[in-house]
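Walk me through this fold.

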Amino acid sequence: MPELPEVEAARRALEAHCVGRRIRRCAVADDPKVVLSDRVAFERAMVGRTIVAARRRGKNLWLRLDAPPFPSFQFGMAGAIYIKGVAVTKYKRSAVKSTDEWPSKYSKFFVELDDGLEFSFTDKRRFARVRLFDDPETVPPISELGPDALFEPMSVDNFVESLRKKKIGIKALLLDQSFVSGIGNWIADEVLYQSRTHPLQIASSLTRESCEALHQSIQEVVKYAVDVDADSGRFPIEWLFHHRWGKNPGKVDGKKIEFITAGGRTTAYVPQLQKLTGTQSGKAVVADPRQVSNDGDAKEAGEDDDDPKPRKRVAISRAARGKPPSRKTNPMQVSEDGGAKEVGADGDDDLKPRKRVAISRAARGKPPSRKTNPMEVSEDGGAKEVGADGDDDLKPRKRVATSRVARGQQNKDAASAPSRKTEEIAGAKKKPSIEQG
């Protein structure tokens, strides 16, 4: 994902080659998911305007023209600026090669200038956003961003004070664009590695020394990456960046890299160097190699860090996590591989909620309940269904009302009838008769 250094490299290229030029022609893609302004109105608003400046905050870039409105670009996961004949940046996930067709089929915003120079904003994965604003700095998403990590760095004291107020993991905080804008996944991993800070460490629990080390790492990593125009081939060899992209956890300086989830994102870290401290020191952290995507990078869970919404939590069975079944788990709902059996996992393509099937106490190996009417128990000991005696119409039986008078008479008859014990006593007192001859 393009982060501050990649977007800054694009801004500098536009500033060096396009500022002062008039827009002769503009073509905007018919892609409402990416282009959030009317396409025809967008193109008309661009033609004839002169580019005055190229501006950036965090991972958002916009062009200031000689009159509003102004085009704004949110790079998303694969957005990129290309200027024909000009090397802009060599981002690892660049979607368009220099040998590809021009303009690219992934182009979302294409411009031809009055001197013949052409540039394009492309996005292969369609997570970028292209908008038209009268004043981009006063409206979301740019108005909601925190201070820029390059142009508006916090002082050490302000940084330390800000962290003391945050009760969340430090990686999650660094990815929050309202806290500091421009830091994405790879920069966050890099600065935490260089400052020897565990990604899950609660920000407010960091010592002042740790805060100062992290502050210094942010400044150094961002500045260095920007100075080399985000050319990763020129990053220092000892950076974690060079070792975090493999499909399997690699090593940096001979120490193993592991992947965990922090801040809703897959995180590369070195357990030997980045340890939880304080009250968190005893907590175990389980690495999850499944968090690596097919291209080897940390797997992306959402569209962009600029809109850090809570991610949906994916349920993983206890068996998959190496734990025994929960007491609350119904063994009949566990699949053959030990995982939770999905609705429709037995071949039913229609994943509709199943009706709950009642199982008798006898079938479950339990004695009849005291509340069970023995007349309602079938021959096999199970609960006798309504209509089980051959009635095909399984409709609820009507309850027969018994009058209070009738019930009183039954009680009276039962009270007046002699008991078995009374009969036995009476029989014992009765003398046998003598047969008269």
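The lining of the second largest cavity has seven nonpolar, two polar and two charged residues. This is a predicted model. Among the lining residues are Pro147, Asp148, Glu152, Met154, Phe159 and Val180, along with His215, Ile218 and Gln219. Helix α6 gives the largest share of that lining, three residues. The volume of this cavity is about 80 Å³. Across the whole structure, a search finds three cavities of 30 Å³ or more.

Now follow α6 to its contact with α1. Two packed helices are described by the angle between their axes and the distance between the axes. Here the axes of α1 (residues 4-17) and α6 (residues 208-227) come within 9 Å and cross at roughly 35 degrees. The crossing is right-handed. Leu4, Pro5, Glu8 and Arg12 form the α1 side, and they meet Val222, Ala225 and Val226 of α6. Five of these contact residues are nonpolar, none is polar and two are charged.

Next comes the sheet. It is open, with four strands in the order β1-β6-β7-β5 and antiparallel pairing. β1 (23-28) and β5 (80-83) are the edge strands; each has a single partner, so one side of each lacks a neighbour in the sheet. From one strand to the next, the twist averages 15 degrees.

Inside the sheet, five bridges join β6 (residues 107-113) to β7 (residues 118-122). Val111 has Phe119 in β7 as its bridge partner. Helix α1 packs on the sheet, where it touches β5 and β7. The direction of α1 makes about 30 degrees with that of β5. Helix α2 (residues 39-46) also packs on the sheet, touching β1 and β6. Its direction makes about 165 degrees with that of β1.

Technical notes. Residues numbered from 1 in each chain as written. Predicted model: local features only at pLDDT ≥ 70, side-chain atom pairs only at ≥ 80, totals over all residues. Heavy atoms only, no water. Axes fitted to C-alpha atoms, helices over the stretch in contact; angles between N-to-C directions. Helix = DSSP H or I, 4+ residues; strand = E, 2+ residues; numbered from the N terminus. Left-handed = near helix turned anticlockwise from the far one by under 90°. Contact = heavy atoms within 4.5 Å. Nonpolar A, V, L, I, M, F, W, Y, C, P; charged D, E, K, R; others polar. 1 Å grid on protein atoms, 1.4 Å probe; cavity = no way out; pocket = protein on both sides within 12 Å on 5 of 7 lines; lining within 4 Å. Points joined across faces, edges and corners; volume = space filled by probe spheres on them. Pairing = 2+ DSSP bridges.
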